[in-house]
Amino acid sequence: MDITLIWYLVPAIVMFCCGVYGFLTRRNMIAMLISLELMLNAVDINFVVFNRYLFPSSMEGWMFTLFGIAIAAAETALAIAIIINLFRVSKNIDVRDATKMKN
Amino acid sequence: MESVGSTIFYWIIALSIVIFSVLTVTTRKILRAATYLLFVLFATAALYFKLDYEFLGSVQIAVYAGGIVVLFVFAILLTTHPGDNSKQLTSRKKLLGLVGALATAGACAWALCSRSADLFTSLPSMANPSMHRIGEAMLGTAYGQYLLPFEAVSVLLLACIIGGVVIARKR
Amino acid sequence: MDITIPILILAIPLFMFLLLGLAGVKMSHKLAGTLGTLGMGTVLVLSYYTAFTYYFSGNPEFIDGTTRLQAVIFNHTWLQFTPALAIRIGFLLDPISAMMLIVIPTISFMVHVYSLGYMHGEKGFQRYYAFLSLFSFSMLGLVVATNIFQMYIFWELVGASSFLLIGFFYTLPSAVSACKKAFIVTRFADLGFLIGILVLSYFTHHLDFLPMTQNPQAVLASFEGVTFLGASGLTWALVLIFTGGMGKSAMLPLHIWLPDAMEGPTPVSALIHAATMVVAGVYLVARLFPLYMLEDAALMFITVVGAATAFYAAMVACAQIDIKRILAFSTISQIAFMMVSLGVASKNNVAIHEGLGYMASMFHLFTHAMFKALLFLGAGSLIHAVHSNNYTAMGGLRKYMPITHITFLIGCLAIAGIWPFAGFFSKDEILSACFANGTFWGIWMMMVAAMTAFYMFRMYFLVFWWDNPDYEKEHHGHLPHDPGFAMTFPLIFLGIVSIIAGFIPFGQLVTFDGHEYHIHIDWSIAGLSMGVAILSIAFSAWLYMKKNDKPQRMADSCRWLWTAANRRFYWDEIYLFITRRIIFDGICKPIAWFDRHIIDGTMDGFAYVTNKASYAIRGFQSGKVQMYIWWYLIGAVVLGIITAICVL
C-alpha cells in the first residue's frame with residue numbers, strides 16, 4: 001500500500017480539530033495553551049508534509065516549520081509568564097475571570 | 001510501494017497522534033493533558049523522522065518535548081493543587097465545541113477536496129538535507145535562504161526572554 | 001557727506017526705543033523722560049546740521065551752480081532679487097527730505113519736552129517715550145527713503161507706532177476702538193499702496209526713486225501701451241499709490257480714522273496726527289511728483305479728492321464741540337490744501353509757474369506743521385487745565401491762561417492766513433497756484449480758507465471769550481492756570497516759529513526741479529484772501545465774542561445742516577452700514593452659518609455616527625477570550641466557504 005499525501009494530512013486535521021475543540025471548551029488557561037500547541041503542531045506537520053511530497057528539492061516548508069517551532073516556544077514562554085502573573089494576582093487561572101486588562 | 005515495516009510504522013504514528021490528541025483535550029486532569037501532549041509531540045517527531053527530516057525531528061524533540069512541555073509542567077505544578085480536576089463539562093458545551101471542531105474539519109476537508117489532484121502523490125525520493133545545506137539555507141541571503149527570518153527569530157527570542165522576565169517578576 | 005551723522009539720525013531714536021522699551025520698566029519716570037528727550041535733542045542737532053549742510057554748504061555734492069541735487073548718502077542693498085530689482089535701505093538727501101529733517105525733529109523734540117509736563121505721573125510714562133522714539137525713527141526713515149519699498153516699510157512702521165500711541169490709554173474702550181479703527185482703515189488704504197508699488201515695479205523692474213524721478217520718460221516708456229479700464233497703466237499705478245496717501249493723510253473717504261485718533265494723548269495728536277505722519281501722503285505724492293506730472297488724470301484725481309476733502313472737513317469743523325475734533329478736521333482740511341496744491345501744480349505735463357504748486361504745498365506742509373502742532377499743544381494745555389475736551393466747559397480763559405491764550409491766538413491767526421503770520425505766505429502761494437490752474441479751484445479753495453478762518457476763530461472765541469463759567473465752583477477752588485515751563489516753552493517756541501516761518505526764503509530752498517524760485521506775493525490774491533479771512537474773523541467775533549443766543553438761533557434756523565455737520569455728514573454711519581448690514585449680515589453671516597451648520601454639522605455627524613456605532617458594538621469587547629475565538633472561527637469558516645465556492 002502506497003502512503004500518499006492524504007495519509008499524513010488526515011491525522012494532522014484530526015490534531016487540529018482536537019486543538020480547536022480544546023481551545024473552545026477548556027476554561028483552564030494552561031489547558032487552552034496546550035490546545036494551542038496542538039493546533040500549531042498540526043500546522044507544522046502540514047508544512048513538512050507538503051514540502052516533502054510536492055517540493056522535495058527545496059526547503060521552504062522545512063524552514064517554516066523550524067521558525068514555527070521557535071515562535072511557538074517564544075509564545076509559550078511569554079504566555080506562561082503572563083498566566084503565572086495572573087495567578088499571582090487572582091489565585092486563579094480560569095479564562096472567564098480574566099476579562100479585564102486592569103483591575 | 002512502501003515496505004510493510006514502513007506502513008506499520010506509519011500506522012503507529014498516525015494512531016498515536018489521533019488517540020493522544022483526543023485524550024489531550026478530553027482528559028480532566030491537566031497534568032495528564034500535558035503528558036498526552038508530550039506523546040503527541042513525540043509522535044510528530046517520529047513523523048518527521050519517517051519523512052527523512054532528521055534535523056527537524058531532533059529540534060521537535062529538543063524544543064517542544066524538552067523545552068515547552070517542561071515549561072507546561074512547571075506552570076501546572078505552580079498553579080494547580082495536586083488532585084484538582086477540572087469540572088465535568090456540560091453537554092451543551094461539549095456539543096458547541098464539537099460543532100466548532102467539526103466545522104473546522106469540514107472547512108479543511110472542503111479545501112482538500114478542491115485540490116484533490118495532489119492528494120494522492122506518492123512519496124518522491126529525496127536526499128536527506130545535509131547539515132551543510134541546512135546551515136546554508138539558514139545563513140544565506142539568496143533565494144530560498146533565510147538569514148533575515150533567522151535573525152528576526154533570534155531578536156524575537158531575546159525580546160521574549162526580556163518580556164518573560166519583566167512580566168513574571170515579583171513587584 | 002560722511003555717513004556717520006545720517007546713520008546716527010536713524011539709529012539714536014531706534015536705540016532710544018529699544019532702551020526705553022526694554023529697560024524702561026526699571027527706570028523712574030524722570031530718567032526715562034530725560035533720556036528720551038535728550039536722545040531726541042541729539043537727533044535735532046544732528047538733523048539740523050545735516051539739513052543746513054545740505055542747503056547752505058555749497059558742497060558740489062548737493063548743489064550744482066543754482067540747481068539743488070538729490071544726493072544719496074548711502075544705499076545699502078538688503079535683498080537682491082534680480083540684477084535690477086533689489087530692496088535697499090538708504091538715506092536720500094534732497095530739498096524735501098532735508099526740509100522734513102527740520103520739521104520732524106523740531107516737532108518731535110517739542111512734543112518730548114511738552115510731554116514731560118503733560119504726561120507727568122501717567123501710568124506707562126516710559127512706554128510712552130519708547131513709542132515716541134519709535135515713531136520718530138519710523139518717520140525719519142520714511143522721509144529719507146531712497147526707494148519706494150523702504151518707504152513702504154517705514155510707512156507701515158509709522159502706522160504701527162500711531163496705532164500704539166492712539167491706544168496708549170488702553171483701558172479706555174474708546175481709545176482701543178479708535179486705534180483699531182485707525183489701523184484697519186490705513187491698512188486698507190495701504191493695500192492699494194502695495195498694489196500700486198507692485199504695478200509700478202512690475203513695469204519699471206526696479207524700486208528706486210532717483211531713476212524714476214530723474215528720468216520719468218523712461219518710466220512712461222516702460223508702461224507703453226498698457227491700459228486698464230480706459231486709464232493708462234501708469235495712471236492706475238499712481239492712483240493706487242495715492243490711495244495709500246489718502247489713507248495716511250485722511251482724505252475722503254478714508255478720513256474717518258483721524259477724528260477718532262484724538263483719543264490718544266494730546267501731544268501725540270500734535271506730533272503724529274497734525275504735523276508729521278498725516279502729511280506722509282503729501283510727501284509721497286511730492287516724492288513721485290515727476291511721475292504724477294506725466295499723468296493729468298492722476299493729478300486731476302488728487303485735486304478733486306483734495307478739494308472735496310478740504311470743503312467737507314471745513315464744514316464739519318464748524319459744527320464740532322470737542323476742540324480736539326475741531327483741530328482734527330482742520331488738519332484734514334489743511335492737508336487737503338496741500339494735496340490740491342500738488343494737484344494743480346501741473347497741467348498738460350507742464351509744471352505751471354515753474355512748479356509753484358509743488359513749492360507752495362511743501363511750504364504749507366512746513367508752516368502747517370509748526371502752527372498746527374502749536375494749536376494742538378495749546379489745546380492740550382487747555383485740556384490739562386479744564387479737564388474736558390469740550391469748549392462748553394471752557395470760556396473766558398484769556399484771563400487765567402495768558403501764555404496759552406497768546407500762543408493759541410498766534411496759531412489761529414497763522415492758520416487763518418493773516419499777514420505776517422506763517423500761514424499767510426504758504427496759503428497765498430497755494431491760492432496763487434490754484435488760480436494759475438483754473439479760476440474754479442482758486443475760488444473754491446478761497447472759500448475753504450474763509451471757512452478755516454471762521455471755525456478757528458469760533459473755537460478761539462468760544463474758548464477764550466464767550467461766557468465765564470464759575471471755575472471756582474466746578475474745580476473745587478482751583479482756578480485754571482497756565483501749565484509749567486515744560487509745557488509753556490514748546491508753546492512759546494512754536495509761537496515764535498509760527499510768526500517768523502513765513503519769512504523763510506522757501507522758494508530758494510525747496511522747489512520742484514531744484515532751481516531757485518523767487519516768491520513774489522501776488523497782492524491781488526493775497527489781499528483778497530486776507531480780506532475774506534478778516535471778514536470771517538469779524539463774523540465769528542460778532543457771533544461768539546460775548547455770550548448771546550445768535551449761534552443757537554442760527555443753528556436752529558437750519559437744524560438739519562447743523563446736525564449733519566455735527567454728525568460729520570454720517571460717514572461713520574455709512575461705513576457702519578456697509579460693514580455691518582452688507583458685509584457682516586449679507587456675506588459673513590451666511591458664510592458663518594454655512595460653516596457652523598453644514599461643515600461643522602457634517603463633521604459632528606461623522607463623530608455622532610462613530611460614537612453611536614461604537615456604543616452599539618462595545619459589547620463585543622467582553623474580554624471573554626473564548627467568545628473571541630468563536631467569532632474568529634465563524635469568520636474563518638465563512639471565509640473558507642466563500643473561497644471554496646469561488647474556486648468551484
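# Notebook: helix packing and chain contacts

I began with chain C, where the axes of helix α16 (residues 356-386) and helix α18 (residues 422-437) come within 8 Å and cross at roughly 150 degrees. I kept in mind that this is a predicted model. An angle over 145 degrees counts as roughly antiparallel, so I wrote α16(C) and α18(C) down as roughly antiparallel to each other. I also looked up the hand of the α16(C) and α18(C) crossing, and it is left-handed.

Next I wanted the residues behind that contact. On the α16(C) side I listed L356(C), G357(C), M359(C), A360(C), F363(C), H364(C), T367(C), M370(C) and F371(C). Their partners in α18(C) include F425(C), K427(C), E429(C), I430(C) and A436(C). Sorted by class, the contact of α16(C) with α18(C) has 11 nonpolar, six polar and two charged residues.

I stayed with α16(C) and turned to another partner, helix α15 (residues 323-343) of chain C. The axes of α15(C) and α16(C) come within 9 Å and cross at roughly 175 degrees. That makes α15(C) and α16(C) roughly antiparallel to each other, too. From α15(C), the residues that meet α16(C) include I323(C), K324(C), L327(C), Q334(C), F337(C) and L342(C). From α16(C), I noted G357(C), Y358(C), H364(C), H368(C), K372(C) and L382(C) among them. The class count for α15(C) with α16(C) is 12 nonpolar, seven polar and two charged residues.

While comparing my lists, I saw that G357(C), A360(C) and H364(C) of α16(C) meet residues of α18(C) and also residues of α15(C).

By class, the α9(C) and α12(C) contact has six nonpolar, three polar and one charged residues.

Then I moved on to contacts between chains. How many residues of chain B and of chain A take part in their contact? I found 69 residues from chain B and 61 residues from chain A. On chain B, the helices α1 (4-26), α2, α3 (54-79), α4 (91-114) and α6 (147-168) each supply at least two residues of the side that touches chain A. Of these, α3(B) gives the most, with 13 residues. The side of chain B that touches chain A has 49 nonpolar, 16 polar and four charged residues.

After α2(B) comes D52(B), whose phi is positive, near 70 degrees.

Last, I opened the UniProt record for chain A. Its unreviewed entry annotates residues 6-24, 31-50 and 62-87 as "transmembrane region". In the model, residues 6-24 of chain A are 100% helix, with end C-alpha atoms 27 Å apart. Residues 31-50 of chain A are also 100% helix, and their end C-alpha atoms are 29 Å apart.

Note on methods: Residues are numbered from 1 along each chain as its sequence is written. Chains are lettered from A and ligands numbered from 1 in the order in which they are written. This is a predicted model: local features need pLDDT of at least 70, side-chain atom pairs count only at pLDDT 80 or more; totals for chains, interfaces and linings use all residues. Ala, Val, Leu, Ile, Met, Phe, Trp, Tyr, Cys and Pro count as nonpolar, Asp, Glu, Lys and Arg as charged, and the others, Gly among them, as polar. Axes are lines fitted to C-alpha atoms, for helices over the stretch in contact, and angles run from 0 to 180 degrees between N-to-C directions. Helices (H or I, at least four residues) and strands (E, at least two) are DSSP runs, numbered from the N terminus. Angles under 35 degrees count as roughly parallel, over 145 as roughly antiparallel, 65 to 115 as roughly perpendicular and the rest as oblique. A crossing is left-handed if the near helix is turned anticlockwise from the far one by less than a right angle, and right-handed if clockwise. Two residues are in contact if their C-beta atoms, placed from the backbone, lie within 7 Å. UniProt positions are given in the numbering used here, feature names are shortened, and annotations may be inferred rather than shown by experiment.
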